[in-house]
Amino acid sequence: MKILIITGKLAEKKVKNAVKKYDFVDVHIANISVAAFLTPNLIIKEIKKLEDKLGKKLKDIYDFVLVTGLIRHDLKKVEEETGIKCYKSTRDASDLPLLIENLDKIKLSTKDYADLQLLEIIKKKCEEEIKKAEEQELGEGDIKIGSLKVGDKFPMRVLGEIVHAPWLNEKELEEKVIYYLESGADMIDLGMVSNENNKDKIKNMLKIVRDITDKPVSVDTLNTNELIEAINLGVDMILSVDGGNLDELLPYLKDSDTAIVVLPTNYKKNYVPETIEGKVKSLEDIIKKLIYEGIEKIVADPILEPINNLGCNFIESVIACREFKKRNNIPLFFGVGNVTELFDADSNGVNALLAAIASEINANILFTPEASAKCKFSIKELKIASKMMFLAKKRNSLPKDVGFNLINYKDKRFDEEYTFNRYNVPIIKAEENKKQILDEGSFKIEIDRRNKEIVVIYFNKRREPTLMIRGKKPKEIYETAIRLNLIKKLDHAAYFGRELAKAEIALKIGKKYNQDFDLFYNEFWNK
């Protein structure tokens, strides 16, 4: 095989360094500064120029041409006019080795960059590795919660809590369950309401969940009547058993297949251990009694404490988790939501770090609600972090370049191209127009999060709504508006495009969208 790569002058060094170990790859530098400016016609021109220089057709030398850079055009025309196949490469030159080494597994395209296919290949390999691990038999210390294997040989399981589940109507509960499953939850937890007895609602709630999924379902409450009802209905797991309700629950637990999460507390006596040893010993005493009674499906929850907590603080609670696991071969519960919900930071990195800590201490269940707006996507984040840490641990590597990542808002590599310092042209300072000329109509832009769409309501000059445009992408919306002749002024068109772009970002990242206001308006971004 012989390949020719065509790129621009600015990327010359980077591209050549990326492919220097491949003797079957040549690089041609086009007479243009930025590769993104290459068009099919310019590429054809470069190929013909190179053929004149070499005295033969490129198709007789190379199997195909790869073009680097963010080229927006379809390159099909290049082959039609030169006879040599020409495809888009990866968007980043540093990914060229990955592309070259996986050429037999992907289908190169004249329209689409190779990045997405490469990502799919890597992820597929990782998923196959995880799937193989899932096929292992249960070993010592492992348990089955419903049909789900839980233990140190398997990835950490993500348990998503539906907060105040009894307050939701059937439709709301269904939507929440579906959203959690789509986010990657391995188990669904029905969070009951403190100081209320909603045992009569548990049967219907369980039916709703089980009609949607066969994944394990748990009920989270310290109300003994609710726990007994859940056990009698065959729930897969209950949260939680402690020194205060243990004796009442034992007769029901003995004849059930329900797994139990055990706390080191005795809430009836208002006892909450505040030391590392207090947490560990209290848990061990309760678990010892359960094992004596023949109960084996036990998950220990030493209680992960919030940051800067009074009494036992976060670090001490992590140490308690680690010490318990060192001393006991029992699945460990790690209440991630106890930290994220009480920490004013975006959940993305916090969840990644907490999952990493959980992995190091051999925790087995990552628990989180998505109670607050800042913790939206926590289930999805923890699921990705669980896979990332499982693969890193299995390969004995750092959690880097393992096939999954949580770099969602920044970039792993930051090497923007810029050319503005090369041009000797007049510089005009940007200023807003003091007077805005109104168009005939106006737009109200909103987000329909349920359907994942941007909604645009058009008002005529009398400020009466006359139609609505719905879509997922700004381009399809503004092109529809232009086609319908709803925009007549350039400044209105620019404004409309800006607002649609903001709405799309807000929809993707879960940010609140307010038309005419900045998306990122807090102090962090204003400095």
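Reply: Start with Asp 285. This aspartate is partly exposed, at 39% relative accessibility. The model is a predicted one, and the pairings below are read from its side-chain atoms.

Asp 285 has a partner. Its side chain meets that of Lys 281 in a salt bridge, 3.1 Å from N to O. Lys 281 is partly exposed too, with 43% relative accessibility. Both residues belong to helix 10, which spans residues 276-292. They are four residues apart, so about one helical turn separates them.

Next, a pair in a loop. The side chains of Asp 401 and Lys 412 form a salt bridge with an N to O distance of 2.1 Å. This pair links distant parts of the chain, 11 residues apart. Asp 401 lies in the loop between helix 14 (378-394) and strand 15 (442-448), and Lys 412 lies in the loop between helix 14 and strand 15 as well. Asp 401 counts as exposed because its relative accessible area, 53%, passes the cut-off of over 50%. Lys 412, at 44%, is partly exposed.

The loop between helix 14 and strand 15 also holds Glu 440. Its side chain meets that of Lys 488 in a salt bridge of 3.5 Å, N to O. Here the partners are 48 residues apart, and they too link distant parts of the chain. Lys 488 sits in the loop between helix 15 (474-483) and helix 16 (490-509). Lys 488 is partly exposed at 42% relative accessibility. Glu 440 is partly exposed as well, with a relative accessible area of 46%.

Some salt bridges share partners. Glu 129, Lys 394 and Arg 395 are joined into one network in this way. Across the structure there are 42 salt bridges.

Now for charges outside such pairs. Which residues gather in a patch of negative charge on the surface? They are Asp 74, Glu 79, Glu 80, Glu 81 and Asp 112. Asp 74 is found in the loop between strand 3 (64-67) and helix 3 (76-82). Asp 74 is partly exposed, with a relative accessible area of 30%.

Methods:
Residues are numbered from 1 along each chain as its sequence is written. This is a predicted model: local features need pLDDT of at least 70, side-chain atom pairs count only at pLDDT 80 or more; totals for chains, interfaces and linings use all residues. Side-chain values use heavy atoms; hydrogens and water are left out. Patches are made of residues with over 30% relative accessible area and no salt bridge: like charges are joined within 9 Å, nonpolar side chains (Val, Leu, Ile, Met, Phe, Trp, Tyr) within 5 Å. Accessible areas come from the Shrake-Rupley method with a 1.4 Å probe; for residues, only the protein chains shown count as cover. A salt bridge is a side-chain nitrogen of Lys or Arg within 4 Å of a carboxyl oxygen of Asp or Glu. Lys and Arg count as positive and Asp and Glu as negative; His and the chain ends are not counted. The place of a charge is taken as NZ of Lys, CZ of Arg, CG of Asp or CD of Glu. Helices (H or I, at least four residues) and strands (E, at least two) are DSSP runs, numbered from the N terminus. Buried means under 20% relative accessible area, exposed over 50%, partly exposed in between (1.4 Å probe, protein chains only).
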